[in-house]
Amino acid sequence: MTPQHAHSVVEPSRRSKRIAAGFVIPYAVVSMLPLIWILLTAFKSPPDSIAYPPKLVFKPSLIGFCNLFHAQSRQTADYLAAMPAPDGVCDAIARERSMVIVGPSNFVPRFLNSVMIAFGSTLLSLVLGVTAAYAFSRFRVRGKDDLLFFILSTRMMPPIAVAIPIYLMYRELGLSDTRLGMVLLYTSVNASLAVWLLKGFIDEIPREYEEAALVDGYTRLQAFRKVVLPQATTGIVATAIFCLIFAWNEYAFAVLLTSGRAQTAPPFIPIIIGEGGQDWPAVAAGTTLFLLPILAFTVALRRHLLRGITFGAVRK
Amino acid sequence: MRVTAAPRRVRGLSDRAIAWLFISPTIALLLAINIFPLLWTVWLSFTNYRANRPSAPVHNVGFDNYTAVLSDPDVWGSMQATAHFLFWTLSLQVILGFTLAYLIDRRFRGHGLWTTIILIPMMLSPAVVGNFWTFLYQPQIGLWNYGAEFVSGVPASSFTMIGSVKLAPWAIIIVDTWMWTPYVALICLAGLRSIPSYIYEAAEVDRASKWRQLWTITIPMTMPFVMLAVLFRAIENFKMYDMVNLLTNGGPGSATELASITLKREAFEKWRTGYASAFAVILFVTVFGLANIYVKALNRVKTR
């Protein structure tokens, strides 16, 4: 192809491309600075993390991660002298600051709660979402538009407004501070997203495929399972990631309805405190570990991002 | 696989049964966890119930809670703070988001990669974001203040973003804009890409300037997308709780006390459940009503 053919009249000129890049790339870099700063802080020692002027070059330290994973207590010099040699990196770091590791911190259980609640509610939302979406897509359902709008409108309520009666209801049912309670709650929030997104994806699968299967003697359910579901895999995966991200990031319900056993990471990370105020390297370490899966998801979702954030209203 | 083709209605469930079977679990869950609580909130809003005193006698107080909410200066203060927050976040995000989308749509080399990078902030947990921005906003040691000193020469220790009544509303607007501009940009980008290139070709033939093309083609044709982005952002920010709760917790004083923060204080700190429920109902009716009016306007723009 010669250049004349490659560029139509509407193709931006080389100059305008350069100008565009000259604004977009710096914007991207500046908007990444807060995240880069958190990543750096995760590897700083506490004094380095609050140094003025802020330190760009520093001696990397694992103290943030150690404090994140281990509960410690301060001991007297005599007590420390009587202790056996430090066992492992974190123990050695703690000893230098005259501390002793007394056990694991709550971070791992909170993180695992986040994982279990996010995956549990995602799985349930998908089961509910894919079946409801199929029915809305393929059958004539009475009051379909009203039902779909009703499903969407449940998203408009401020979480705190619903949290009052849910708090009371869970207290009655014994679901307060349980993983099951949180799974059900997040499923109810995610169901609307799942139904709307999956309906869009299933609408795009030609009906002829199922009809051919029905003619071949499949029942509706078999056609759904063996024809529609495999065709909808991409859509299901994209929807799953959106549900996971919501449940992973959710804070308002988590902070009001959980306090211990079922607490997830978002309400936990802000309350990590060290001696004399917030332990920024530990908070940054927790934040980094918490955000990493989301970064991976964002990259994986690139192509479907738009659909997910607009409830399927914009499909590119 | 079966070979004989029996009539459909005989084998398996009928389509109606399947539709019912497939839809009802979702509706049941939403009724149990969304609608039932909502009705309960409505009921509570007419009572003097307090969640921290479950055994105290509960009686009907009529519309007392509603009149109390509507005549409460704190409530109006929080509505004002919410309006300020909404106005500035939406304006900034639309202007920045549209500009970014327009520039990305110039399709410079590597624009795909940079777009993905730009999108990252909107995927993060607002609570965790609010929490780490308190660190970035620290006077003196914080990256923000240091950056401000670097750019403008104002000493980093001379101001505090979240400690000052004047700056705190801007502190939350900045974080929200940082986080959600990519969202508006992504939707605008879809709008820009939906414009068929023959329209621009025709404009070129007519020798319309680039500037004129922007105002007569690009902006009108992306308008429905911009409005959709505004709708989603407005609903989300009207409900805003997590990021602000961790960044400023409504403070200093009540400078950043948005509607949801006031609601949380009334419901879970002062435990005035009936009063908070009335406020929640008023908020929900407001969002729902405004969203409906807005969607009508949006549909008019779309069909034009």
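**Figure 1. The interface between chain A and chain B.** On the chain A side, 84 residues are in contact with chain B. On the chain B side, 83 residues take part. Helix α2 of chain A, residues 14-42, provides 15 residues, the largest share of the chain A side. What classes of residue make up the side of chain A that touches chain B? There are 66 nonpolar residues, 14 polar residues and four charged residues. For the model, ipTM is 0.86 and pTM is 0.87.

Figure 2. A:F290 sits in helix α16 of chain A, which covers residues 280-301. Is A:F290 buried or exposed? A:F290 is buried, because 23 other C-beta atoms lie within 10 Å and the cut-off for a buried residue is 20 or more. A:D87 is 203 residues from A:F290 in sequence. In space, the C-alpha atoms of A:F290 and A:D87 are 27 Å apart.

Figure 3. B:S78 is part of helix α3 of chain B. This helix spans residues 73-104 and has the highest mean pLDDT among the elements of chain B, 94. B:S78 is buried, since 23 other C-beta atoms lie within 10 Å. Which residues does B:S78 touch, beyond those up to four places away in sequence? They are B:E257, B:L258, B:A259 and B:T262. B:T256 is 178 residues away from B:S78 in sequence. Yet the C-alpha atoms of B:S78 and B:T256 are 7.9 Å apart in space.

**Figure 4. Domains and overall form of chain A.** The domain assignment divides chain A into domain 1 (3-42), domain 2 (46-105) and domain 3 (108-309). Between the C-alpha centres of domain 1 and domain 3 of chain A, the distance is 33 Å. Four residues of domain 1 and six residues of domain 3 form their contact. The domain 1 side of this contact has three nonpolar residues, one polar residue and no charged residues. Chain A holds 17 helices and four strands. Its radius of gyration is 26 Å, well over the 20 Å given by the globule rule for 316 residues, so chain A is more spread out than a compact globule. Along the principal axes, the C-alpha atoms of chain A fill a box of roughly 85 × 70 × 40 Å. Of the residues in chain A, 45% are buried. Take the contacts in chain A between residues at least 6 apart in sequence: 75% of them join residues at least 24 apart.

Figure 5. How many helices and strands does chain B have? Chain B has 12 helices and zero strands. The radius of gyration of chain B is 25 Å, well over the 19 Å that the globule rule gives for 304 residues, so chain B is more spread out than a compact globule. The C-alpha trace of chain B spans about 85 × 80 × 40 Å along its principal axes. In chain B, 41% of the residues count as buried. The mean pLDDT of chain B is 87, and 96% of its residues score at least 70. Among the elements of chain B, helix α6 (residues 143-152) has the lowest mean pLDDT, 85. In residues 1-10 of chain B, pLDDT is below 50. This stretch has seven contacts in the model beyond near neighbours in sequence. Where pLDDT is low, the predicted coordinates should not be read in detail.

Key
Residues numbered from 1 in each chain as written. Chains lettered and ligands numbered in written order. Predicted model: local features only at pLDDT ≥ 70, side-chain atom pairs only at ≥ 80, totals over all residues. Domains from an automatic or database assignment. Contact = placed C-beta atoms within 7 Å. Nonpolar A, V, L, I, M, F, W, Y, C, P; charged D, E, K, R; others polar. Helix = DSSP H or I, 4+ residues; strand = E, 2+ residues; numbered from the N terminus. Rg over C-alpha atoms; globule rule 2.2 N^0.38 Å. Buried ≥ 20, exposed ≤ 12 C-beta atoms within 10 Å, placed from the backbone. pLDDT = per-residue confidence, 0-100.
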